[in-house]
Amino acid sequence: MERYAVGADIGGTAVKLGLFSEEGGLLDRWETKTRQEDSGAHILEDTAESIRRQLERHGVQLQALRGVGVGVPGAVMQSSIVNRCVNLGWGVKNVAQELSALLDGIPVTVGNDANVAALGEMWKGGGQGCDNMVMITLGTGVGGGIIVGGRILPGRFGAAGEIGHMCMNPDEKAVCGCGKNGHLEQYASATGITRMAALYLEEHPQQQTCLRALAQPTAKDIFDAARGEDPAGLQLAEQLGDMLGRAMAAVSCVIDPDLFVLGGGVSRAGQILLDIVGRYYRHYAFHASEETPIVLAQLGNDAGIYGAVRQILQ
């Protein structure tokens with residue numbers, strides 16, 4: 001019997017799903033809405049029902065699945081137990097057990113969404129050919145995923161790879177989303193870059209810059225300005241590079257990966273981001289690892305479903 005697997009990437013707005021062949025080929029992708037009412041009580045029910053409908057459309061029996069791999073926006077322990085997903089309304093929840101029961105006992109494996117995305121990039125994206133890598137996602141927040149020996153490193157409490165919550169500035173007064181101060185996420189995320197731009201423009205009222213014409217400059221606006229050698233754009237891009245390069249240098253002293261992969265919306269800046277971050281990384285890194293390659297992610301929004309299903313196919 002031909003075998004299949006499903007990858008599910010559960011986000012605050014939508015659940016992205018993919019049907020894969022046993023060899024890892026993506027056969028179909030689709031989405032279902034994330035219903036957050038009743039503390040997210042319906043999310044797994046809706047996911048199971050969506051999987052059943054899609055399998056029926058493809059003429060695939062549920063029993064033909066090797067399993068379902070899941071990525072969730074929270075810490076995960078023992079590949080099954082979620083230790084709070086604030087964006088979904090979940091507390092401590094055995095996602096693997098509950099979803100498996102909804103799918104007639106089909107095996108389910110669960111991982112943190114950033115870790116799972118890193119696994120996907122290692123398997124089919126920017127990290128192909130590497131068994132040890134670190135992925136950093138620069139989106140609304142800053143996420144991270146660590147792969148060692150070809151497998152996710154989750155940590156004791158599912159918090160390994162939370163690079164966005166490394167303290168970079170203990171004197172920072174603004175509060176991070178986690179409730180503490182001075183974290184990388186406050187400077188290197190898309191929202192963090194926008195925040196830093198507003199502060200810069202306020203503190204340099206005489207600075208001539210194209211960014212003043214924008215109500216709220218985005219990360220894209222700032223890198224576009226930097227490409228045009230706008231002084232404010234250059235300064236803000238350098239500030240981001242300094243923070244991120246310094247954090248990566250610290251990570252390399254612990255993990256010493258084969259390479260770093262940068263993903264998320266901010267990574268769409270492309271080569272200018274790689275150039276600036278790479279320069280600061282080499283400045284701060286221990287000499288033995290200062291030439292660690294830094295590349296861009298390749299799978300985009302599909303990284304999560306690839307990595308989720310890789311958990312099953314491994």
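These notebook entries record what I looked up in a predicted model.

**Entry: the sheet.** I traced an open sheet of 5 strands and noted its order as S11-S10-S9-S12-S13, with mixed pairing. Strand S11 (151-152) and strand S13 (294-296) are its edge strands, each pairing on one side only. I then looked up strand S9 (residues 133-138) against strand S12 (residues 259-263): the two pair in the parallel sense over 5 bridges. For Ile136, I found Leu262 as the bridge partner in S12.

**Entry: helices on the sheet.** I found H8 lying across S9, strand S10 (142-148), S12 and S13, and its run makes about 155 degrees with S9. Helix H9 (residues 271-284) also packs on the sheet, where it touches S9, S12 and S13. I noted about 160 degrees between the direction of H9 and that of S13.

**Entry: H6 against H8.** I looked up the packing of helix H6 (residues 190-203) on helix H8 (residues 231-255) and recorded an angle of about 130 degrees, with the axes 11 Å apart. H6 is therefore oblique to H8. Their crossing is right-handed. On the H6 side I listed Ile193, Met196, Ala197 and Tyr200; H8 contributes Pro231, Ala232, Gln235, Leu236, Gln239 and Leu240.

**Entry: Ser80.** I located Ser80 in the loop between strand S5 (75-77) and strand S6 (81-85). Its relative accessible area is 13%, so I recorded Ser80 as buried. Leaving aside residues up to four places away in sequence, I found Ser80 touching Lys93, Asn94, Val95, Ala96 and Val110. Leu55 is 25 residues from Ser80 in sequence and 23 Å from Ser80 in space, C-alpha to C-alpha.

Conventions:
Residues numbered from 1 in each chain as written. Predicted model: local features only at pLDDT ≥ 70, side-chain atom pairs only at ≥ 80, totals over all residues. Heavy atoms only, no water. Axes fitted to C-alpha atoms, helices over the stretch in contact; angles between N-to-C directions. Helix = DSSP H or I, 4+ residues; strand = E, 2+ residues; numbered from the N terminus. Parallel < 35°, antiparallel > 145°, perpendicular 65-115°, else oblique. Left-handed = near helix turned anticlockwise from the far one by under 90°. Contact = heavy atoms within 4.5 Å. Buried < 20%, exposed > 50% of the residue type's maximum accessible area, 1.4 Å probe, protein only. Pairing = 2+ DSSP bridges.
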